[in-house]
Each structure stands twice: as C-alpha cells, then as structure tokens.
Amino acid sequence: MILEKYSIGIGDRFAHQGKAQLDALIKAKAQGVFIVPVWNKSYREHTIIKSVPADTRNEADEAVNAVGWKDAYYVDADHIGLKNVGDFMESSDFFTLDVADFISEISEERELHEFIKKQVKYVGIFDIPGIDESFQITVEMVEKTARKFLYAIKEAGKIYRHIESVKGKDAFVTEVSVDESNEPQTPVELFFILSAVAEEGIPAQTIAPKFTGRFNKGVDYVGDLQQFTKEFEEDIAIINFAIKEFSLPANLKLSIHSGSDKFSIYPPIRKALQKFDTGLHLKTAGTTWLEELIGLAMAGGDGLDIVKEVYKKAYFRFEELCKPYAAVIDINKDRLPSPEAVGRWDEGTYASTLRHDQKCELYNSNFRQLLHIGYKIAAEMVNRYLDGLVKHEKVIAQNVTENIYERHLKPIFIGE
Ligand SMILES: [Zn+2]
C-alpha cells in the first residue's frame, strides 16, 4: 500500500461530512491536482465523542460510494500506541505511531553504543543536496540525539511489528509521529531519527516532526515564519537524502499535524513542495467541525440555538475542556464574549466571529479556539446535534467544501 504524493488528513469528528469533504478533493482533481483523503481520528477524539474506529471506516466507505470516488482513500488510527492500537486494527489501513511520550526515555547502553557506532561515519562536515549550509556533526551530537530518540523509535518499531503481525506486510501505511513533544526537532535530529527508523525496519511513508512555532488548535501559526521555512525546507532535503542513504520508502514525506488552519505557513510550504518536487501529508481535521457550527449558525432558528448552547456550555466548562489540549491552545479568557452577549447574536455575527477569516473585524481567535476544543459539548447533545446536522446538511456541506477547497487545498496544492 503506497500512499500518494499529496494527501490530506481531513478527519471528521461526527462522521457526517465525508461527502462534503470529498467534494473539495473532486474540485481539486478537476483542476488537475490529485490529493487523496485520509480520515484520521485519534483515540483521544474517539474517547471524548464516544465513537469507535469502525464508525470512521463506515463513514469513509459510505462517502466514497456515495460520490463515486474511484481513487484511494485511507482511515488513519491517529496518534496510537501499543496500548490502544488494538481497537483500530480492523478498521484502519493507516497508522500514526505516536512515540513522543517516549522521547528521552533511557535506552540500554549496549543498544545505544551499537546505534552510535553506525552513525560515526556522519561525523564532520556534512553536506546535504538542497541545503546551502553544511552541517557540522560532532560525536557529542550523535550521542545526544541517540539518547533522546533511540528509545522512542524502538517503541515505534514495537508498535509497527505488532500491527504488521496482525495485518500483514505492506497492508497499511505507516506514519511515525513525534510532533506532540516539548521541543521542535532540528533537521540533524530528524536525520538520526530516520536512521533509527530504518534500523528498526519501519517502512515509514510519512514522518511528523514537531516544527518551530506554535500550532494552536484551529487558528493560524504563531512563530518565526522565516525560521519555519528554513526548517521545513531542510527537513525535506534531509528526508530525500535519508531515503537513499537508509533505503527508506521512496515516497517518504513530511506529515504536518497542523492543528488546523495554519494559513500563514501555507505559501512557504507550497514553495518548498515545488522547489523540491516533493509530496506532503497535511492533517487539518478539526477545521470541519467548526464549519458544522458555522453552517448551523447560518441556518438560523434551531441551528443557531444549538451553536449558542454549545458556546455557553463550553464557556462555563472552560477548564475541563482545555485540560487535554493545554499545550496546543492560547485562549485569552478576557477576550471571550459572554454567553449572554452571544445569546443575542444573529446568524451572521456568530458565523463571522467563528469563521477563520482574519480580515473580518468580527473574527475572534479566542472564541474559535474554545469552540474547536468544545466538541465534547456537541457530543453530549447526541441526537439534538446530529439531527441538526441532518436537517441543515445543505448549508453545512457548502461551508465544509468551500473551507477545505478555498482555504486549504488551493493555497497549498493548487495555487491562487
Ligand atoms: Zn499530531
């Protein structure tokens, strides 16, 4: 199973927007740009919503049949580990092995030395095609990187082999993710991580490092754009070099766990993809759930009532909702509108305050982030929310499709 050059992790919290999401990819295909969908959902999300991985598989299959999508599509067990991969085994054909929690765990000295010994040949001045500057690699760097990452990658090896023992070789796509770690990885660290991935025999087709800057949920990138661009391009060059050097899968590419909507890094990403003629996997899953809220708001009446209630409850359960996402949100509580004020809003005000249009005066990134992590509230409404999705399907679908196509696919894969 070989993942295509361009792929997008669209997710779908409540499993109702598969068709609308596919419509965006069909529009891109009509423009000559082929991007395959990956419905990714993490264990954390399933737990909060009380859904099961089979739901995601059913949604994907149904959506694909309904719109007549003849190309590949995938269901990603996102951010799984040995403890919870079992639940995903049957329904997934894409596995994101998350080993960020194992970074800096202590490896066996013997294993460490074995690994370091094999890397010693890279010590010294080290040039990588596509990167102007030379890297200066010291023995200390090799050892430090090995101590930081070897244990984690060995853990990824264990998870990989476990999945392989059940599903069979080449029957699924493997991603290795270290994006939910405390510090970004440098390109040199990525190089040795890939070396360890190859040593473990993991046929990784995507790798998700942590990049410099803040990737808060649902809102734009916060950080040094120039630094990001440099790192991103260096990472691509490193991957291309590592593919040959370590005999990794030829289609190995970067996976960006964007946390949704990192619009300001899209132009440099596009430039880099063209410069290196390389692929990308972009995860931007949560954005669709916010379009559901926008669609419901625009529908007015009972739709607007639902989204006002979601906000009100999210506002009063702020601490609880923020807890699992503390590392990836920056919400200024003082900038949140009061539920009373929101209660008086009309459909346009709610939609414009939430919609990710930074040029719009009403747009409020604090409001947006809180709702991004507030899907638990909608899940608790059960049928009232899901019935709303069905009743107002048309206006929601328009927003979902337009959002993915105009704000995500176009700037990265198609160009203005
Ligand atoms: Zn991630």
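This is a predicted model: local features need pLDDT of at least 70, side-chain atom pairs count only at pLDDT 80 or more; totals for chains, interfaces and linings use all residues.
**View 1. Helices H9 and H10 are oblique to each other.** Residues are numbered from 1 along each chain as its sequence is written. The axes of H9 (residues 287-299) and H10 (residues 301-316), which are lines fitted to C-alpha atoms over the stretch in contact, come within 6 Å and cross at roughly 135 degrees. Helices (H or I, at least four residues) and strands (E, at least two) are DSSP runs, numbered from the N terminus.

**View 2. The contact between H9 and H10 is made by residues of both helices.** On the H9 side it involves Leu 293, Leu 296, Ala 297 and Ala 299, and on the H10 side Gly 301, Gly 303, Leu 304, Ile 306, Val 307 and Val 310, where contact requires C-beta atoms, placed from the backbone, to lie within 7 Å. By class, eight of these residues are nonpolar, two are polar and none is charged, with Ala, Val, Leu, Ile, Met, Phe, Trp, Tyr, Cys and Pro counted as nonpolar, Asp, Glu, Lys and Arg as charged, and the others, Gly among them, as polar.

**View 3. Eight strands close into a barrel with parallel pairing.** Their order is S1-S2-S3-S4-S7-S8-S9-S10, and the twist averages 25 degrees from one strand to the next. Two strands count as paired if DSSP finds at least two bridges between them. Strand S1 (residues 6-9) is joined by three bridges to strand S2 (residues 36-42), and Ser 7 stands opposite Val 36 in S2.

**View 4. Strand S3 (residues 74-80) is mostly covered.** S3 pairs with S2 over five bridges, with Asp 78 in S3 as the bridge partner of Ser 42. Three bridges join S3 to strand S4 (residues 94-98), where Phe 95 is the partner of Ala 77.

**View 5. Ser 247 has a positive phi of about 50 degrees although it is not a glycine.** Ser 247 lies in the loop between helix H7 (225-245) and strand S9 (253-257), and is exposed, with 10 other C-beta atoms within 10 Å.

Key:
Axes are lines fitted to C-alpha atoms, for helices over the stretch in contact, and angles run from 0 to 180 degrees between N-to-C directions. Angles under 35 degrees count as roughly parallel, over 145 as roughly antiparallel, 65 to 115 as roughly perpendicular and the rest as oblique. Two residues are in contact if their C-beta atoms, placed from the backbone, lie within 7 Å. A residue is buried if 20 or more other C-beta atoms lie within 10 Å of its own, exposed if 12 or fewer, and partly exposed in between; C-beta atoms are placed from the backbone.
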